[in-house]
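Below are a few notes to read alongside the structure, with the focus on one strand and its neighbours.

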Amino acid sequence: MTSLLADIPQPSPVKFDPLPERRGQADLIQRRIGVVGLGHMGVAFAANFVADGHQVLVWDRNPEHVAARRPDGARGTARLVDLAPCDVIVSSVSDDDALRSVVFGTGGLENVLAAGAVHISMSTISPALSHHLAEVHGRHGQDYVAAPVLGNPDAVRARKLFVLASGRPAAVERVRPLLERLGQRLFVIGENVAAANLLKLAGNVLTAMTLQSMGEALALLRKGGIDPRVGFEVFTNSMFDAPLHRIYGEKILDENYSPPGMAVPLAVKDLGLALAEAERYAVPMPAASLVHDRLVEMVARGWADLDWSALGLLAARDAGLDGASPADGDNV
């Protein structure tokens, strides 16, 4: 595979300011942080790290993203090798292939990071890749912690995420203060790094199925002449008062599908990973398979730029209801 770094200009190495005297191991691992991937989540992570007073260096496969999205107070670089001084690397990328491209190989993180550095993967990736990453980093004397999250970019900014962490206990403890600052609760799943990733995939299955069922229920109310907002108030103030119903129910009611917190193609990818694990363990998931196909249908309709809560839009269209505004390129 051709290196993604081949065509990127090679500026002078980034130099960090001298660190103040360190008072302990927890302080050490929080001082110099590299953020790999400047999508919506990565940008929000970097901004929070800057706000907490850390020295933050950001990198993205697209140099234009570094220039345009770098939070104030963070430094940007076009070279992965400039992340070498970092005590902690936080990666937030789109999929398995993207993470492989920045970790493996001569110019990848496995050969850039110093022994003792910690790579925290907050991406939604396959359990198998997570297990492999732990092995590779271990051979280089580095630590690896899988820490996918439940929550969207708004939750990152509000520090309302739920963080799922797995890894070697000593490594998890080293980065615990950092992870706890990102959200409202840190769940330590265990030593098997793949466990956190499987739990994250299962959580996304539950979310997608909830969006599908909410879209259907609200479409039924509209078609039956009941204001769906009245139904939403009844549901969320009685048996369905979970944050998931409130946050995404509002999106469906307001037809607030853009910009996406979770774009439809990423949701397709996540449910595909979950279904692959289900096949591996011989776990039938008929409802998840159905919702996966509904998400694929949204891509086919030209709605790839919408949030996955647009499953509510698809339910409304199937019911013959008008009024929702899909993305440009709608083929319906």
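**Notes on strand β5 and its surroundings**

1. Let me start with the pairing of β4 and β5. In this predicted model, strand β4 (residues 88-91) lies parallel to β5, and four bridges link the two. Within that pairing, Val88 has Val118 of β5 as its bridge partner.

2. The other pairing of β5 is with strand β6, residues 143-146; these two also run parallel and are joined by four bridges. Here Val118 stands opposite Asp143 of β6. Between β5 and β6 the chain passes through helix α6 (residues 127-139), giving a β-α-β crossover that is right-handed.

3. Now for the chain as a whole. Its secondary structure consists of 14 helices and nine strands. Of its 332 residues, 51% count as buried. The chain exposes about 15,200 Å², with carbon and sulfur atoms supplying 55% of that area.

4. A last point on contacts: among those in the chain with a separation of 6 or more, 67% are between residues 24 or more positions apart.

Methods. Residues are numbered from 1 along each chain as its sequence is written. This is a predicted model: local features need pLDDT of at least 70, side-chain atom pairs count only at pLDDT 80 or more; totals for chains, interfaces and linings use all residues. Side-chain values use heavy atoms; hydrogens and water are left out. Buried means under 20% relative accessible area, exposed over 50%, partly exposed in between (1.4 Å probe, protein chains only). Contact means heavy atoms within 4.5 Å. Accessible areas come from the Shrake-Rupley method with a 1.4 Å probe; for residues, only the protein chains shown count as cover. Two strands pair if DSSP finds at least two bridges between them. A crossover is right-handed if, with the strands pointing away from the viewer, the path from the first strand over the helix to the second runs clockwise.
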